[in-house]
Amino acid sequence: MVLSRVVEVRRFERVGAHSHIKGLGLKDGKALPIAAGMVGQVEAREAAGVIVSMVREGKMAGRAVLLAGPPGTGKTALASAIAKELGEDVPFMMITASEVYSAEVKKTEVLMQAMRKAIGVRIKEVRKIYEGMITELEIKAGRHPYNPYQQIPIGAKIKLKTNVDERSFNVDEAVAQELIARGVSKGDVIWIDAETGRVTKLGKCIEAPAEARYDIEASPRIPLPQGPIAKEREFVHTVTLHDLDEMHARRGSVFTLLFGGREEREIPPEVRQEVDETVKRWVDEGRAEVIPGVLFIDEVSALDIEAFSFLGRAMEGELAPVIILATNRGVTKVRGTDIVSPHGIPLDLLDRLLIITTREYTADEVKEILKIRAAEEGVDLEEDALSVLIKVGVENSLRYAVQLLSPSFEIAKRSGRSKVTAVDVEQAKKLFVDVKQSMAYLKEYEEKLLR
Ligand SMILES: Nc1ncnc2c1ncn2[C@@H]1O[C@H](COP(=O)(O)OP(=O)(O)O)[C@@H](O)[C@H]1O
Ligand SMILES: [Mg+2]
(Lines give C-alpha, C1' and ligand atoms only; values in the text may rest on other atoms or scores of the structure.)
(Ligands and ions follow the chains in the order given, each with its own letter.)
Protein backbone atom coordinates (compact mmCIF):
# COMPACT_ATOMS: atom_id res chain seq x y z
CA MET A 1 0.00 0.00 0.00
CA VAL A 2 2.81 2.35 0.89
CA LEU A 3 4.55 1.46 -2.35
CA SER A 4 1.64 2.41 -4.53
CA ARG A 5 1.48 5.76 -2.81
CA VAL A 6 5.15 6.40 -3.56
CA VAL A 7 4.57 5.59 -7.21
CA GLU A 8 1.75 8.10 -7.35
CA VAL A 9 3.84 10.86 -5.84
CA ARG A 10 6.59 10.27 -8.35
CA ARG A 11 4.11 10.35 -11.17
CA PHE A 12 2.83 13.69 -10.01
CA GLU A 13 6.33 15.12 -10.00
CA ARG A 14 6.96 13.91 -13.48
CA VAL A 15 3.93 15.73 -14.73
CA GLY A 16 5.20 18.73 -12.78
CA ALA A 17 8.20 19.03 -15.08
CA HIS A 18 5.76 19.83 -17.88
CA SER A 19 3.39 22.09 -15.97
CA HIS A 20 4.34 25.02 -18.21
CA ILE A 21 2.90 23.22 -21.25
CA LYS A 22 -0.66 24.48 -21.78
CA GLY A 23 -1.22 23.13 -25.28
CA LEU A 24 0.44 22.76 -28.66
CA GLY A 25 0.48 26.48 -29.39
CA LEU A 26 -0.97 26.19 -32.90
CA LYS A 27 -2.92 28.73 -34.91
CA ASP A 28 -4.92 27.39 -37.86
CA GLY A 29 -2.75 24.29 -37.72
CA LYS A 30 0.52 26.22 -37.86
CA ALA A 31 2.90 26.24 -34.91
CA LEU A 32 3.62 29.68 -33.48
CA PRO A 33 7.35 29.97 -32.58
CA ILE A 34 6.56 30.36 -28.88
CA ALA A 35 3.04 29.71 -27.60
CA ALA A 36 1.16 27.84 -24.88
CA GLY A 37 4.51 27.18 -23.15
CA MET A 38 5.84 25.44 -26.27
CA VAL A 39 9.00 26.52 -28.06
CA GLY A 40 10.20 25.44 -31.53
CA GLN A 41 9.84 21.75 -32.52
CA VAL A 42 7.56 23.12 -35.23
CA GLU A 43 7.00 20.06 -37.45
CA ALA A 44 6.36 17.75 -34.50
CA ARG A 45 3.86 20.18 -32.98
CA GLU A 46 2.00 20.54 -36.26
CA ALA A 47 1.92 16.77 -36.68
CA ALA A 48 0.58 16.49 -33.13
CA GLY A 49 -2.11 18.99 -34.12
CA VAL A 50 -3.18 16.67 -36.92
CA ILE A 51 -3.40 13.83 -34.40
CA VAL A 52 -5.65 15.96 -32.18
CA SER A 53 -7.99 16.59 -35.13
CA MET A 54 -8.02 12.90 -36.00
CA VAL A 55 -8.88 12.00 -32.42
CA ARG A 56 -11.74 14.50 -32.43
CA GLU A 57 -13.06 13.06 -35.67
CA GLY A 58 -12.80 9.50 -34.35
CA LYS A 59 -10.17 8.53 -36.91
CA MET A 60 -7.53 7.26 -34.51
CA ALA A 61 -9.30 4.01 -33.71
CA GLY A 62 -6.96 1.04 -34.05
CA ARG A 63 -3.95 3.31 -34.43
CA ALA A 64 -1.37 4.80 -32.13
CA VAL A 65 1.33 7.46 -32.20
CA LEU A 66 5.06 6.96 -31.83
CA LEU A 67 7.28 9.85 -30.79
CA ALA A 68 10.86 9.07 -31.76
CA GLY A 69 13.74 11.33 -30.81
CA PRO A 70 16.80 11.81 -28.61
CA PRO A 71 16.37 12.32 -24.83
CA GLY A 72 15.23 15.77 -23.75
CA THR A 73 13.70 16.77 -27.08
CA GLY A 74 10.19 17.19 -25.71
CA LYS A 75 8.52 13.83 -26.35
CA THR A 76 6.81 13.80 -22.98
CA ALA A 77 6.06 17.50 -23.30
CA LEU A 78 4.35 16.88 -26.66
CA ALA A 79 2.26 14.01 -25.33
CA SER A 80 1.01 16.11 -22.42
CA ALA A 81 0.27 18.97 -24.83
CA ILE A 82 -1.90 16.64 -26.92
CA ALA A 83 -3.89 15.71 -23.80
CA LYS A 84 -4.31 19.39 -22.91
CA GLU A 85 -5.55 20.16 -26.44
CA LEU A 86 -8.16 17.44 -26.12
CA GLY A 87 -9.76 19.18 -23.14
CA GLU A 88 -9.44 20.33 -19.56
CA ASP A 89 -10.54 17.15 -17.82
CA VAL A 90 -9.14 14.69 -20.35
CA PRO A 91 -7.06 12.17 -18.44
CA PHE A 92 -3.34 11.92 -19.16
CA MET A 93 -1.73 8.76 -17.88
CA MET A 94 1.99 8.28 -18.09
CA ILE A 95 3.97 5.09 -17.53
CA THR A 96 7.45 3.94 -18.35
CA ALA A 97 7.70 0.55 -20.00
CA SER A 98 9.96 -0.78 -17.23
CA GLU A 99 7.22 -0.09 -14.64
CA VAL A 100 5.12 -2.73 -16.35
CA TYR A 101 7.57 -5.31 -15.05
CA SER A 102 8.36 -3.88 -11.64
CA ALA A 103 5.40 -4.77 -9.48
CA GLU A 104 4.24 -8.19 -8.34
CA VAL A 105 1.22 -7.66 -10.55
CA LYS A 106 0.94 -9.32 -13.97
CA LYS A 107 2.24 -7.14 -16.79
CA THR A 108 -1.05 -7.25 -18.67
CA GLU A 109 -2.83 -6.14 -15.50
CA VAL A 110 -0.48 -3.15 -15.17
CA LEU A 111 -1.16 -2.23 -18.79
CA MET A 112 -4.89 -2.75 -18.42
CA GLN A 113 -4.99 -0.51 -15.34
CA ALA A 114 -2.97 2.13 -17.15
CA MET A 115 -5.42 2.02 -20.07
CA ARG A 116 -8.38 2.41 -17.76
CA LYS A 117 -6.75 5.27 -15.88
CA ALA A 118 -6.56 7.00 -19.25
CA ILE A 119 -10.30 6.83 -19.90
CA GLY A 120 -12.47 9.39 -18.17
CA VAL A 121 -16.15 9.20 -17.40
CA ARG A 122 -17.84 12.54 -16.99
CA ILE A 123 -20.78 11.92 -14.72
CA LYS A 124 -23.64 14.35 -14.63
CA GLU A 125 -25.75 14.44 -11.56
CA VAL A 126 -28.77 16.58 -10.80
CA ARG A 127 -28.97 17.32 -7.10
CA LYS A 128 -31.40 19.17 -4.96
CA ILE A 129 -29.71 22.01 -3.14
CA TYR A 130 -30.46 25.06 -1.04
CA GLU A 131 -28.74 28.14 -2.39
CA GLY A 132 -28.59 31.59 -0.89
CA MET A 133 -26.67 34.31 0.88
CA ILE A 134 -26.37 33.78 4.63
CA THR A 135 -28.13 36.54 6.54
CA GLU A 136 -28.06 34.81 9.91
CA LEU A 137 -25.78 32.15 11.29
CA GLU A 138 -25.85 30.79 14.80
CA ILE A 139 -23.88 27.69 15.68
CA LYS A 140 -25.26 25.82 18.68
CA ALA A 141 -22.64 24.21 20.88
CA GLY A 142 -23.12 21.37 23.30
CA ARG A 143 -21.05 19.07 25.40
CA HIS A 144 -18.82 16.48 23.86
CA PRO A 145 -20.33 13.06 24.66
CA TYR A 146 -17.04 11.64 25.95
CA ASN A 147 -15.18 14.73 27.03
CA PRO A 148 -17.19 17.06 29.28
CA TYR A 149 -14.52 19.78 29.06
CA GLN A 150 -15.00 20.15 25.35
CA GLN A 151 -17.73 21.90 23.44
CA ILE A 152 -18.76 20.68 20.02
CA PRO A 153 -21.24 21.99 17.49
CA ILE A 154 -24.53 20.16 17.80
CA GLY A 155 -26.49 22.09 15.23
CA ALA A 156 -26.98 25.48 13.69
CA LYS A 157 -29.66 27.96 12.82
CA ILE A 158 -29.14 29.53 9.47
CA LYS A 159 -31.06 31.97 7.31
CA LEU A 160 -30.61 32.04 3.54
CA LYS A 161 -31.72 34.75 1.14
CA THR A 162 -32.12 35.14 -2.62
CA ASN A 163 -33.59 38.03 -4.55
CA VAL A 164 -37.11 36.64 -4.04
CA ASP A 165 -36.90 34.22 -1.12
CA GLU A 166 -35.74 34.10 2.47
CA ARG A 167 -35.85 31.02 4.68
CA SER A 168 -34.59 29.83 8.05
CA PHE A 169 -33.26 26.34 8.58
CA ASN A 170 -32.39 24.38 11.67
CA VAL A 171 -29.57 22.12 10.55
CA ASP A 172 -28.08 19.15 12.35
CA GLU A 173 -24.63 18.53 13.71
CA ALA A 174 -23.20 17.25 10.42
CA VAL A 175 -24.17 20.37 8.51
CA ALA A 176 -22.98 22.58 11.37
CA GLN A 177 -19.59 20.92 11.18
CA GLU A 178 -19.52 21.42 7.43
CA LEU A 179 -20.30 25.11 7.91
CA ILE A 180 -17.41 25.46 10.34
CA ALA A 181 -15.04 23.43 8.18
CA ARG A 182 -15.72 25.64 5.15
CA GLY A 183 -15.19 28.77 7.24
CA VAL A 184 -18.62 30.05 6.29
CA SER A 185 -19.77 33.38 7.69
CA LYS A 186 -22.53 35.94 7.28
CA GLY A 187 -22.73 37.39 3.79
CA ASP A 188 -21.35 34.25 2.08
CA VAL A 189 -23.21 32.58 -0.75
CA ILE A 190 -23.43 28.84 -0.11
CA TRP A 191 -25.00 25.66 -1.40
CA ILE A 192 -26.24 22.98 0.95
CA ASP A 193 -26.86 19.59 -0.61
CA ALA A 194 -30.38 18.68 0.48
CA GLU A 195 -29.59 15.01 0.79
CA THR A 196 -26.03 14.80 2.11
CA GLY A 197 -25.78 18.15 3.86
CA ARG A 198 -22.55 18.92 2.09
CA VAL A 199 -21.78 22.61 2.08
CA THR A 200 -20.13 24.45 -0.80
CA LYS A 201 -18.95 27.99 -0.22
CA LEU A 202 -18.96 30.11 -3.36
CA GLY A 203 -17.65 33.34 -1.84
CA LYS A 204 -18.76 36.64 -0.37
CA CYS A 205 -21.92 38.14 -1.82
CA ILE A 206 -21.61 41.57 -3.42
CA GLU A 207 -24.78 42.44 -1.53
CA ALA A 208 -23.44 41.28 1.83
CA PRO A 209 -24.46 43.51 4.75
CA ALA A 210 -21.89 46.16 5.67
CA GLU A 211 -20.72 44.43 8.89
CA ALA A 212 -19.92 41.24 6.95
CA ARG A 213 -17.78 42.86 4.29
CA TYR A 214 -14.42 42.81 6.09
CA ASP A 215 -13.06 39.86 4.08
CA ILE A 216 -14.61 40.88 0.80
CA GLU A 217 -11.21 41.40 -0.82
CA ALA A 218 -10.04 37.92 0.12
CA SER A 219 -12.81 35.83 -1.40
CA PRO A 220 -14.50 35.89 -4.78
CA ARG A 221 -17.48 38.26 -5.06
CA ILE A 222 -20.67 36.47 -5.92
CA PRO A 223 -23.94 38.06 -7.03
CA LEU A 224 -27.05 37.49 -4.93
CA PRO A 225 -28.61 34.18 -6.04
CA GLN A 226 -31.79 34.49 -8.08
CA GLY A 227 -35.05 32.58 -7.73
CA PRO A 228 -36.18 30.16 -5.03
CA ILE A 229 -33.78 28.88 -2.38
CA ALA A 230 -34.55 25.21 -3.03
CA LYS A 231 -33.46 24.32 -6.56
CA GLU A 232 -31.94 21.64 -8.70
CA ARG A 233 -28.45 21.95 -10.00
CA GLU A 234 -26.36 19.86 -12.33
CA PHE A 235 -23.00 18.72 -10.97
CA VAL A 236 -20.33 17.26 -13.17
CA HIS A 237 -17.43 15.18 -11.96
CA THR A 238 -14.92 13.25 -13.93
CA VAL A 239 -13.60 9.93 -12.74
CA THR A 240 -11.63 7.30 -14.63
CA LEU A 241 -12.76 3.80 -15.51
CA HIS A 242 -10.09 2.60 -13.11
CA ASP A 243 -11.59 4.65 -10.26
CA LEU A 244 -14.93 2.99 -10.96
CA ASP A 245 -13.28 -0.46 -11.11
CA GLU A 246 -11.75 0.15 -7.71
CA MET A 247 -14.94 1.45 -6.16
CA HIS A 248 -16.83 -1.50 -7.51
CA ALA A 249 -14.22 -4.06 -6.46
CA ARG A 250 -14.01 -2.60 -2.98
CA ARG A 251 -17.69 -2.78 -2.20
CA GLY A 252 -18.52 -5.38 0.40
CA SER A 253 -14.99 -6.56 1.05
CA VAL A 254 -14.35 -7.27 4.74
CA PHE A 255 -10.83 -5.96 4.46
CA THR A 256 -11.88 -2.61 3.18
CA LEU A 257 -14.60 -2.39 5.80
CA LEU A 258 -12.01 -2.87 8.51
CA PHE A 259 -9.06 -0.99 7.12
CA GLY A 260 -10.44 1.12 4.33
CA GLY A 261 -7.36 0.42 2.26
CA ARG A 262 -7.22 -1.29 -1.05
CA GLU A 263 -6.25 -4.88 -0.67
CA GLU A 264 -6.98 -6.17 -4.11
CA ARG A 265 -4.08 -5.63 -6.44
CA GLU A 266 -5.70 -7.24 -9.43
CA ILE A 267 -9.17 -6.36 -10.51
CA PRO A 268 -11.26 -9.34 -11.60
CA PRO A 269 -12.46 -9.24 -15.23
CA GLU A 270 -16.12 -9.51 -14.09
CA VAL A 271 -15.76 -6.25 -12.20
CA ARG A 272 -14.47 -4.47 -15.29
CA GLN A 273 -17.23 -5.96 -17.39
CA GLU A 274 -19.87 -4.76 -14.96
CA VAL A 275 -18.32 -1.30 -14.80
CA ASP A 276 -18.29 -1.09 -18.60
CA GLU A 277 -21.92 -2.12 -18.79
CA THR A 278 -22.93 0.36 -16.12
CA VAL A 279 -21.06 3.18 -17.85
CA LYS A 280 -22.70 2.32 -21.17
CA ARG A 281 -26.10 2.39 -19.51
CA TRP A 282 -25.36 5.79 -17.98
CA VAL A 283 -24.31 7.06 -21.39
CA ASP A 284 -27.53 5.76 -22.95
CA GLU A 285 -29.53 7.45 -20.20
CA GLY A 286 -27.71 10.70 -20.82
CA ARG A 287 -26.16 10.70 -17.35
CA ALA A 288 -22.56 10.23 -18.38
CA GLU A 289 -20.12 10.80 -21.17
CA VAL A 290 -17.01 8.78 -21.94
CA ILE A 291 -13.91 10.86 -22.55
CA PRO A 292 -11.00 8.85 -23.89
CA GLY A 293 -7.74 10.36 -22.68
CA VAL A 294 -4.12 9.76 -23.48
CA LEU A 295 -1.99 6.83 -22.36
CA PHE A 296 1.65 7.70 -22.77
CA ILE A 297 4.15 4.84 -22.63
CA ASP A 298 7.72 6.04 -22.38
CA GLU A 299 10.80 3.98 -23.34
CA VAL A 300 8.51 1.66 -25.23
CA SER A 301 11.41 -0.38 -26.63
CA ALA A 302 11.59 -2.04 -23.21
CA LEU A 303 8.20 -3.73 -23.67
CA ASP A 304 8.26 -7.40 -24.63
CA ILE A 305 6.37 -9.19 -27.35
CA GLU A 306 3.48 -10.19 -25.07
CA ALA A 307 2.98 -6.65 -23.84
CA PHE A 308 3.00 -5.44 -27.44
CA SER A 309 0.38 -7.93 -28.52
CA PHE A 310 -1.77 -6.96 -25.53
CA LEU A 311 -1.51 -3.33 -26.60
CA GLY A 312 -2.34 -4.22 -30.18
CA ARG A 313 -5.52 -5.95 -29.08
CA ALA A 314 -6.46 -3.23 -26.60
CA MET A 315 -6.15 -0.57 -29.30
CA GLU A 316 -8.98 -2.27 -31.16
CA GLY A 317 -11.23 -2.23 -28.10
CA GLU A 318 -14.44 -0.29 -27.82
CA LEU A 319 -13.20 1.75 -24.89
CA ALA A 320 -9.62 2.62 -25.78
CA PRO A 321 -7.59 5.73 -24.99
CA VAL A 322 -5.29 7.43 -27.46
CA ILE A 323 -2.01 5.56 -27.12
CA ILE A 324 1.20 7.52 -27.53
CA LEU A 325 4.48 5.64 -27.41
CA ALA A 326 7.91 7.20 -27.10
CA THR A 327 11.38 5.90 -27.74
CA ASN A 328 14.95 7.07 -28.12
CA ARG A 329 16.20 3.70 -29.38
CA GLY A 330 16.92 2.93 -33.00
CA VAL A 331 16.96 -0.59 -34.42
CA THR A 332 16.99 -3.16 -31.63
CA LYS A 333 15.66 -6.60 -30.70
CA VAL A 334 12.01 -6.98 -29.79
CA ARG A 335 12.21 -8.12 -26.18
CA GLY A 336 11.36 -11.77 -25.70
CA THR A 337 12.29 -12.62 -29.30
CA ASP A 338 15.34 -12.74 -31.58
CA ILE A 339 13.69 -10.45 -34.10
CA VAL A 340 15.44 -7.18 -34.79
CA SER A 341 13.05 -4.39 -35.61
CA PRO A 342 12.90 -0.57 -35.73
CA HIS A 343 12.68 0.77 -32.14
CA GLY A 344 12.24 -2.82 -30.93
CA ILE A 345 8.56 -2.68 -31.92
CA PRO A 346 6.99 -5.69 -33.70
CA LEU A 347 6.24 -5.02 -37.36
CA ASP A 348 2.49 -5.57 -37.17
CA LEU A 349 2.25 -2.84 -34.55
CA LEU A 350 4.65 -0.55 -36.43
CA ASP A 351 2.27 -0.72 -39.37
CA ARG A 352 -0.42 0.91 -37.29
CA LEU A 353 1.70 3.72 -35.87
CA LEU A 354 1.83 7.31 -36.96
CA ILE A 355 5.43 8.30 -36.31
CA ILE A 356 6.53 11.78 -35.30
CA THR A 357 10.21 12.61 -34.83
CA THR A 358 11.57 15.25 -32.49
CA ARG A 359 14.86 17.00 -33.11
CA GLU A 360 17.43 18.61 -30.86
CA TYR A 361 17.05 22.26 -29.94
CA THR A 362 19.12 25.25 -30.99
CA ALA A 363 20.73 27.47 -28.35
CA ASP A 364 17.99 30.05 -28.89
CA GLU A 365 15.25 27.50 -28.33
CA VAL A 366 16.97 26.16 -25.22
CA LYS A 367 17.13 29.74 -23.94
CA GLU A 368 13.40 30.29 -24.42
CA ILE A 369 12.49 26.98 -22.79
CA LEU A 370 14.73 27.76 -19.81
CA LYS A 371 13.14 31.18 -19.43
CA ILE A 372 9.67 29.67 -19.41
CA ARG A 373 10.67 26.96 -16.91
CA ALA A 374 12.39 29.48 -14.64
CA ALA A 375 9.26 31.63 -14.58
CA GLU A 376 7.13 28.53 -13.90
CA GLU A 377 9.32 27.55 -10.93
CA GLY A 378 9.60 31.12 -9.66
CA VAL A 379 13.37 31.23 -10.20
CA ASP A 380 15.00 34.57 -11.05
CA LEU A 381 18.07 34.23 -13.28
CA GLU A 382 20.88 36.72 -13.91
CA GLU A 383 21.97 36.93 -17.58
CA ASP A 384 25.23 35.08 -16.84
CA ALA A 385 23.36 32.24 -15.11
CA LEU A 386 21.10 31.86 -18.12
CA SER A 387 24.17 31.70 -20.41
CA VAL A 388 25.70 28.86 -18.39
CA LEU A 389 22.40 26.96 -18.39
CA ILE A 390 22.01 27.40 -22.15
CA LYS A 391 25.47 25.92 -22.62
CA VAL A 392 24.50 22.97 -20.40
CA GLY A 393 21.28 22.55 -22.38
CA VAL A 394 23.11 22.43 -25.69
CA GLU A 395 26.15 20.40 -24.62
CA ASN A 396 24.68 18.01 -22.06
CA SER A 397 20.90 17.89 -22.31
CA LEU A 398 17.91 20.17 -22.00
CA ARG A 399 16.49 18.05 -19.23
CA TYR A 400 19.66 18.41 -17.15
CA ALA A 401 19.61 22.17 -17.65
CA VAL A 402 15.96 22.34 -16.58
CA GLN A 403 16.68 20.17 -13.56
CA LEU A 404 19.49 22.47 -12.43
CA LEU A 405 17.11 25.42 -12.00
CA SER A 406 15.82 24.56 -8.52
CA PRO A 407 19.12 23.49 -6.95
CA SER A 408 20.82 26.61 -8.37
CA PHE A 409 18.13 28.72 -6.76
CA GLU A 410 18.58 26.95 -3.41
CA ILE A 411 22.32 27.59 -3.58
CA ALA A 412 21.74 31.26 -4.41
CA LYS A 413 19.38 31.63 -1.45
CA ARG A 414 21.96 30.11 0.89
CA SER A 415 24.36 32.86 -0.14
CA GLY A 416 21.68 35.41 0.56
CA ARG A 417 20.90 36.13 -3.08
CA SER A 418 17.41 36.26 -4.53
CA LYS A 419 18.67 35.97 -8.11
CA VAL A 420 20.66 33.04 -9.44
CA THR A 421 24.16 33.85 -10.75
CA ALA A 422 26.56 31.85 -12.92
CA VAL A 423 28.47 30.84 -9.79
CA ASP A 424 25.36 29.20 -8.34
CA VAL A 425 24.74 27.23 -11.52
CA GLU A 426 28.38 26.07 -11.62
CA GLN A 427 28.05 24.96 -8.00
CA ALA A 428 24.82 23.08 -8.73
CA LYS A 429 26.53 21.40 -11.69
CA LYS A 430 29.27 20.16 -9.37
CA LEU A 431 26.83 18.82 -6.80
CA PHE A 432 24.44 17.20 -9.27
CA VAL A 433 25.88 15.46 -12.28
CA ASP A 434 23.96 14.47 -15.38
CA VAL A 435 23.24 10.91 -16.40
CA LYS A 436 26.22 10.61 -18.74
CA GLN A 437 28.59 11.63 -15.98
CA SER A 438 27.06 9.33 -13.39
CA MET A 439 27.25 6.40 -15.81
CA ALA A 440 30.85 7.19 -16.70
CA TYR A 441 31.70 7.35 -13.01
CA LEU A 442 30.17 3.96 -12.26
CA LYS A 443 31.81 2.42 -15.29
CA GLU A 444 35.20 3.62 -14.15
CA TYR A 445 34.50 2.28 -10.68
CA GLU A 446 33.51 -1.12 -12.01
CA GLU A 447 36.68 -1.33 -14.04
CA LYS A 448 38.72 -0.56 -10.95
CA LEU A 449 37.00 -3.38 -9.10
CA LEU A 450 37.76 -5.81 -11.89
CA ARG A 451 41.44 -5.14 -11.74
N1 LIG B 1 9.39 22.42 -27.28
C2 LIG B 1 9.36 22.62 -25.96
N3 LIG B 1 8.81 23.71 -25.43
C4 LIG B 1 8.79 23.91 -24.09
N5 LIG B 1 9.31 23.06 -23.20
C6 LIG B 1 9.89 21.94 -23.66
C7 LIG B 1 9.93 21.65 -25.04
N8 LIG B 1 10.56 20.47 -25.22
C9 LIG B 1 10.90 20.04 -23.99
N10 LIG B 1 10.50 20.91 -23.04
C11 LIG B 1 10.72 20.75 -21.59
O12 LIG B 1 12.08 20.34 -21.42
C13 LIG B 1 12.18 19.27 -20.48
C14 LIG B 1 12.68 17.98 -21.13
O15 LIG B 1 11.78 17.54 -22.15
P16 LIG B 1 11.02 16.11 -22.14
O17 LIG B 1 9.67 16.30 -22.68
O18 LIG B 1 11.14 15.46 -20.81
O19 LIG B 1 11.93 15.32 -23.20
P20 LIG B 1 11.88 13.78 -23.60
O21 LIG B 1 10.59 13.23 -23.12
O22 LIG B 1 12.02 13.79 -25.09
O23 LIG B 1 13.08 13.16 -22.95
C24 LIG B 1 10.79 19.12 -19.90
O25 LIG B 1 10.69 19.94 -18.75
C26 LIG B 1 9.89 19.63 -21.01
O27 LIG B 1 8.65 20.08 -20.52
MG1 LIG C 1 10.39 11.78 -21.64
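The shell holds 20 residues, of which Val39, Gly74, Lys75, Thr76 and Ala77 come nearest. I note that this is a predicted model.

Next I asked which elements supply at least two residues each to the shell around ligand 1. I found strand 4 (38–39), helix 3 (75–86) and helix 13 (398–414). I then sorted the shell by class. It has nine nonpolar, nine polar and two charged residues.

I turned to the domains. I read the chain as divided into domain 1 (2–118 + 293–357), domain 2 (119–280) and domain 3 (363–439). Domain 1 is in two stretches, 2–118 and 293–357. Where domain 1 meets domain 2, the contact takes 14 residues from domain 1 and 11 residues from domain 2. I checked the domain 1 side by class: seven nonpolar, two polar and five charged residues touch domain 2.

Back at the ligand, I looked up which domains its shell draws on. Domain 1 and domain 3 each give at least three residues to the shell around ligand 1.

Last, I looked at a helix pair. Helix 4 covers residues 107–117 and helix 6 covers residues 241–250. Their axes come within 6 Å and cross at roughly 115°. I therefore recorded helix 4 and helix 6 as roughly perpendicular to each other. Which residues make this contact? I listed Gln113, Arg116 and Lys117 from helix 4, with Leu241, His242 and Asp245 from helix 6. By class, the residues of this contact divide into one nonpolar, two polar and three charged.

Terms used:
Residues numbered from 1 in each chain as written. Chains lettered and ligands numbered in written order. Predicted model: local features only at pLDDT ≥ 70, side-chain atom pairs only at ≥ 80, totals over all residues. Domains from an automatic or database assignment. Contact = placed C-beta atoms within 7 Å. Nonpolar A, V, L, I, M, F, W, Y, C, P; charged D, E, K, R; others polar. Near = placed C-beta within 6 Å. Helix = DSSP H or I, 4+ residues; strand = E, 2+ residues; numbered from the N terminus. Axes fitted to C-alpha atoms, helices over the stretch in contact; angles between N-to-C directions. Parallel < 35°, antiparallel > 145°, perpendicular 65-115°, else oblique.
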